[in-house]
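This report covers aromatic pairs, salt bridges, surface charge and chain composition, in that order.

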Amino acid sequence: MRLFLLTLSLFISLAAFAQQDRYQFDSNEQAIRFEELTKELRCPKCQNQNIADSDAVVAKDLRDRVLALVKDGKSKDEVIDYMIDRYGYFVHYDPPVTPATLILWVLPVLIVIIGFGFIVIRQRKASVKQTWSDADEVMLNKLIKQNKRQEQS
Amino acid sequence: MNRKLMAIVPLLIFIFICVFLYQGLFANPREIQTGRIGQTVPTFNLPDLMQDNKRWTDEQLKGDVYLLNVWGTWCPTCLAELDYLTKLREQGIKIIGLYYVQSYDADFDGPFDMQALRDDVSNMLARAGDPYQFNILDLERSLALDLGVSGAPETFLVDKNGTILLHHTGDINPRVWRAKFAPLMQELQP
């Protein structure tokens, strides 16, 4: 049993080691940048996976290119622009505001504003105070009397 | 009046959703446009697929209108379009192949076997038709990445100055040719 656990623990530590060892970086900062980029860039082949996740050939190629660019000292934005140059805006999970995508930003805000406007207008209508004059009072009494007479007859 | 207007709103939303979803039926999510449209073919220097010691650069390709067809023997759709591409070649359209090596990994596949690949390509082209003037071998898929290629088959239309005018993802068939390529070709080669 003890031997079994020891062997098991050996496996776990090995896997963790292998994961870290797959890519070599000059600095920790580069490693973080690489990780962020591979999570933010989208695989053009198996859509809805980032390139860190995907096993497609093109995703591997993109990872390798990101690695080379990061090691070259390129900033995050420079790498993203490099990929957008080649694969279009599709490749980045954070689409820019353009006339075509504007509706994505504007529509939710618009719906909230219209909804609140609707509520406010209804509230205002409902809270309008009724005026009640002496003439109304007289009219009411008259109507009540009339009604009573009708019931009696 | 106001009430009638309010009654129309759900109908309007319904129509909007219908139009939106109907459009979706005909959209192809795999069709990804390269960011390279309107730019020149990226600089490259790559070997010929069939000949030793022969290399191709972007400069050598300038001066002609041509199709750059990304393909590989591993790709069934590429095999399917070879027949039609060969017909296009017979009509005088210049087609250059960019051979996309699917997954060459020294750790798994052992040393790269050039002769086996050449035999494979010759066999397939002899069987299905050979539309290519020549083939450029992109072993590392570096030019493919610079062109924004995500797989095969993909085709680029390039003009005399080396400017990329069109990018098509998927096979070329008579329908695609008529709709996408033919009007532009007419302008370029009247």
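Rings of Phe, Tyr and Trp (its six-membered ring) pair if their centres lie within 6.5 Å; planes under 30 degrees apart count as stacked, over 60 as edge-to-face and the rest as tilted. The model is predicted, so local features need pLDDT of at least 70 and side-chain atom pairs count only at pLDDT 80 or more, while totals for chains, interfaces and linings use all residues. Residues are numbered from 1 along each chain as its sequence is written, chains are lettered from A and ligands numbered from 1 in the order in which they are written, and side-chain values use heavy atoms, with hydrogens and water left out.

**Aromatic pairs**

One aromatic cluster is formed by B:W71, B:Y99 and B:Y132. Over all chains, the rule gives seven aromatic pairs. One of them is tilted: B:W74 and B:Y100, at 6.1 Å centre to centre with 45° between the planes. This pair links distant parts of the chain, 26 residues apart, with B:W74 in the loop between β3 (66–71) and α3 (76–90) of chain B and B:Y100 in strand β4 (residues 95–100) of chain B. Helices (H or I, at least four residues) and strands (E, at least two) are DSSP runs, numbered from the N terminus. Burial is judged on relative accessible area: buried means under 20%, exposed over 50%, and partly exposed in between (1.4 Å probe, protein chains only). B:W74 is partly exposed at 33%, and B:Y100 is buried at 2%.

B:W177 and B:F181 form a stacked pair, 5.3 Å centre to centre and 5° between the planes. Because they are four residues apart in helix α7 (residues 174–188) of chain B, B:W177 and B:F181 are separated by about one helical turn. Both B:W177 and B:F181 are buried.

**Salt bridges**

A salt bridge is a side-chain nitrogen of Lys or Arg within 4 Å of a carboxyl oxygen of Asp or Glu. The whole structure holds 12 salt bridges over all chains, including those in the table.

| Pair | Closest N to O |
|---|---|
| B:D52 and B:R118 | 3.1 Å |
| B:D64 and B:K94 | 3.1 Å |

A:R65 is buried at 17% relative accessibility, and B:D146 is buried at 14%.

The salt bridge of B:D52 with B:R118 links distant parts of the chain, from the loop between β1 (45–47) and β2 (55–57) of chain B to helix α5 (residues 114–128) of chain B, 66 residues apart. B:D52 counts as exposed at 56%, whereas B:R118 is buried at 10%.

For B:D64 and B:K94, B:D64 lies in the loop between α2 (58–61) and β3 of chain B and B:K94 in the loop between α3 and β4 of chain B, so the pair ties together parts that are 30 residues apart in sequence. B:D64 is partly exposed, at 35%. Salt bridges with shared partners also join A:E36, A:E40 and A:K76 into one network.

**Chain A**

Chain A has six helices and zero strands, and 24% of its 153 residues count as buried. Helix α4 of chain A contains A:R86, which is buried at 8% relative accessibility. A:R86 and A:R22 are 64 residues apart in sequence and 26 Å apart in space, C-alpha to C-alpha. A:D81 is also found in helix α4 (residues 76–87) of chain A and is partly exposed at 48%.
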